[in-house]
Amino acid sequence: MNPEEYEVMYQVEDHHWWYLGMERITRSLLERALPPDREARSLKILDAGCGTGAVMKYLAQYGEVTGFDFSAEALRFSHQRGHIRLAQASVLQAPFASRRFDVLVSFDVLCENGVDDQQALHEFARLLKPGGLVLLRLPAYRWMRGQHDVAVHLAHRYTRSELIAKLRASGLTPLHTSYANTFLFPVAAAKRWAERFLPQQHGSDLTLNPGFTNGVLRAVLSAEAPLVKSIGLPFGLTVTALARKDA
């Protein structure tokens, strides 16, 4: 990712509609997977590719959270958020003992330039305890590639079937998969199409100020959470996957 994008992320993560809506979806998937009687703060959780640390903040409600990221700039912002359980490392070779974590989350990381997603998934499986859970979120559909992808060094977009196959090949059993950001999909597709004719966008989509529409967009995306959690959505800008390590 371009270094300046980390500062943009840090500035907007606490109020931008996309992050808040995805937080609601993430929480709904965790609630689907975790036993309701599990004591608070009993889980060992790893955020693989933690970025500027916003996700770690709300994951702390579920247990003890450790994060790592390849970027020193990202970790600098995570430290500013008050996180201390941090390491600089690649998802291809994490500096932690095998079978250490109950839950591993990784959001929009396997898709980045230079990441062998299959190797990373094998590494995730190594890090999880038997019965441990992995929750992934990744961008969907190669044909949706746009200027945002260039700014954040995004190399690949996934389909649900592709992600399921990669999980199984890594020894992880898919439990639930769904697309997300479905209701706004037509708008996003129109934007990607229009980019062919408009002046080049400088920076990621996060640099585009949603203004007074921020609250509306947040409500629309958040409304998908119960559907993503239950029946799943058939298409969208994002694909999510919840999987388990059986042994």
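Modeller: Arg-99 lies in the loop between strand E3 (86-88) and E4. Strands (E, at least two residues) and helices (H or I, at least four) are DSSP runs, numbered from the N terminus. The model is predicted: local features need pLDDT of at least 70, side-chain atom pairs count only at pLDDT 80 or more, and totals for chains, interfaces and linings use all residues. Residues are numbered from 1 along each chain as its sequence is written, and side-chain values use heavy atoms, with hydrogens and water left out.

Start with the backbone at Arg-99. Its phi is near 55 degrees, a positive value in a residue other than glycine. Tyr-141 is also a residue other than glycine with a positive phi, near 70 degrees. Tyr-141 sits in the loop between E5 and helix H6 (147-151). Tyr-141 is buried, at 14% relative accessible area. Buried means under 20% relative accessible area, exposed means over 50%, and partly exposed is in between (1.4 Å probe, protein chains only).

Now E4 and E5. Lys-129 and Asp-102 form a salt bridge, with their closest N and O atoms 3.3 Å apart. Lys-129 belongs to strand E5 (residues 128-139) and Asp-102 to strand E4 (residues 101-107), so the bridge ties together parts 27 residues apart in sequence. A salt bridge here is a side-chain nitrogen of Lys or Arg within 4 Å of a carboxyl oxygen of Asp or Glu. The two partners fall in separate classes: Asp-102 counts as buried at 17% relative accessibility, while Lys-129 is partly exposed at 29%. As background, side chains of opposite charge can pair when their charged atoms come close.

How many salt bridges does the structure hold? The count is twelve. One of them joins the side chains of Lys-44 and Glu-64, at 2.9 Å from N to O. This pair links distant parts of the chain, 20 residues apart: Lys-44 is in strand E1 (residues 43-48) and Glu-64 in strand E2 (residues 63-69). Lys-44 is partly exposed at 33%. Glu-64 is partly exposed at 28%.

Another bridge pairs Arg-244 with Asp-246, with 2.6 Å between the closest N and O atoms. Arg-244 is partly exposed at 30% relative accessibility. Asp-246 is partly exposed too, at 43%.

Next, strand E7 (residues 238-245), where Thr-240 is found. Thr-240 is buried, with a relative accessible area of 3%. What does Thr-240 touch, not counting residues up to four places away in sequence? Its contacts are Leu-29, Leu-136, Arg-137, His-176, Thr-177, Ser-178, Ala-180 and Val-228. Contact means heavy atoms within 4.5 Å.

Last, the cysteines. A disulfide is a pair of cysteine sulfur atoms within 2.5 Å. By that rule the count is zero. Cys-50 is buried, with 7% relative accessible area. Cys-111 is buried as well, at 2%.
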